[in-house]
Amino acid sequence: MNFPHRNEIIIALIGLIGVIFTAVVSNYEKIFDEKSENESSFPYEKIDDLDMQLRYFIEVSGFRNSMEEMRKVSAEKYRMKHGASDTVVNCVLDNQIQTEQLIELFISVHKNHITLQQVKDLNRLYSSESMKSYSKSSPLIVRELISGIDAIYERMHIRNMAISGANKKQSDESCPAG
């Protein structure tokens, strides 16, 4: 008996086997990953120094980049508001709280409230690809947050100025907004 569709079926099976083989080879590490859960998933996981773990967290979480972005925004706002030269802006920035001072404060405060294992867990989380991507976006997020806070503050300031003007006309010290 002659099976005319037999060749088509064989060709389809060969194609299917080829696709499966390619998928397995392409994802070999994901499928046959022999790492145990105890193996390092971030560079400093085996180091039991809270200070070092917190310093790694500052970098991997985007904290440092966010603080640097806040300084840039501050410089831009000062330049726009006061028409200051780069020299004056740099002088003002040099006399503000420096990023390293904030980092030392961050570490000092966190040492009082977080354990080594908690920081390691956070570092493992922030070392994931999703969190690395998020951390790269943190300076832009900070910039937008500052812009939003500025807008809210400006509306609040206008309202408060109106309220304080209303208070001057009133004889009592009660809050007219309340």
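Author: The questions below go from the whole chain to single residues.

Reader: How many helices and how many strands does the chain have?

Author: The model is a predicted one. Read along the sequence, the chain follows the pattern α-α-α-α-α-α-α-α. The count is therefore eight helices and zero strands.

Reader: What percentage of the residues in the chain is buried?

Author: A residue counts as buried when its relative accessible area is under 20%. The chain has 178 residues. Of these, the buried share is 21%.

Reader: What share of the accessible surface belongs to carbon and sulfur atoms?

Author: The accessible surface of the chain comes to about 13,600 Å². The part that belongs to carbon and sulfur atoms is 59%.

Reader: Among contacts with a separation of 6 or more, what percentage is accounted for by residues 24 or more positions apart?

Author: A contact here requires heavy atoms within 4.5 Å. Among contacts in the chain with a separation of 6 or more, residues 24 or more positions apart account for 68%.

Reader: Is N123 buried or exposed?

Author: N123 is found in helix α7, which covers residues 116-126. Its relative accessible area is 0%. Because the cut-off for a buried residue is under 20%, N123 is buried.

Reader: Which residues does N123 touch, not counting those up to four places away in sequence?

Author: N123 belongs to helix α7, and neighbours up to four places away in sequence are left aside here. The residues that N123 then touches are F42, Q53, Y56, F57 and V60.

Reader: Why do the buried residues of α7 line one face of the helix?

Author: The buried residues of α7 are V119, K120, N123 and Y126. Seen down the axis of α7, these residues fall within an arc, so they line one face of the helix. That arc is 130 degrees.

Reader: Which residue forms a salt bridge with R124?

Author: Side chains of opposite charge can pair when their charged atoms come close. In the bridge formed by R124, the closest N and O atoms are 2.9 Å apart. The partner is D121.

Reader: Are R124 and D121 buried or partly exposed?

Author: R124 has a relative accessibility of 31%, and D121 has 37%.

Reader: How far apart are the closest N and O atoms of E59 and R64?

Author: E59 is partly exposed, with a relative accessible area of 38%, and R64 is also partly exposed, at 22%. The two residues form a salt bridge. Its closest N and O atoms are apart by 2.6 Å.

Reader: Which residues are linked in a network of salt bridges?

Author: The chain's salt bridges come to a count of 14. The side chains of R79 and D86, for instance, meet in a salt bridge at 3.1 Å, N to O. The residues linked in a network are D51, R55, E104 and K111.

Reader: Which residues make the nonpolar surface patch of about 380 Å²?

Author: One member, L145, lies in helix α8, residues 129-169. L145 is exposed, because its relative accessible area of 51% is over the 50% cut-off. The residues that make the patch are Y134, I141, L145 and I149.

Conventions:
Residues numbered from 1 in each chain as written. Predicted model: local features only at pLDDT ≥ 70, side-chain atom pairs only at ≥ 80, totals over all residues. Heavy atoms only, no water. Helix = DSSP H or I, 4+ residues; strand = E, 2+ residues; numbered from the N terminus. Buried < 20%, exposed > 50% of the residue type's maximum accessible area, 1.4 Å probe, protein only. Arc of directions from axis to C-beta. Areas by Shrake-Rupley, 256 points an atom, 1.4 Å probe, with all protein chains shown as cover. Patch = residues over 30% accessible without salt bridge, like charges linked within 9 Å, V, L, I, M, F, W, Y side chains within 5 Å. Salt bridge = Lys/Arg side-chain N within 4 Å of Asp/Glu carboxyl O.
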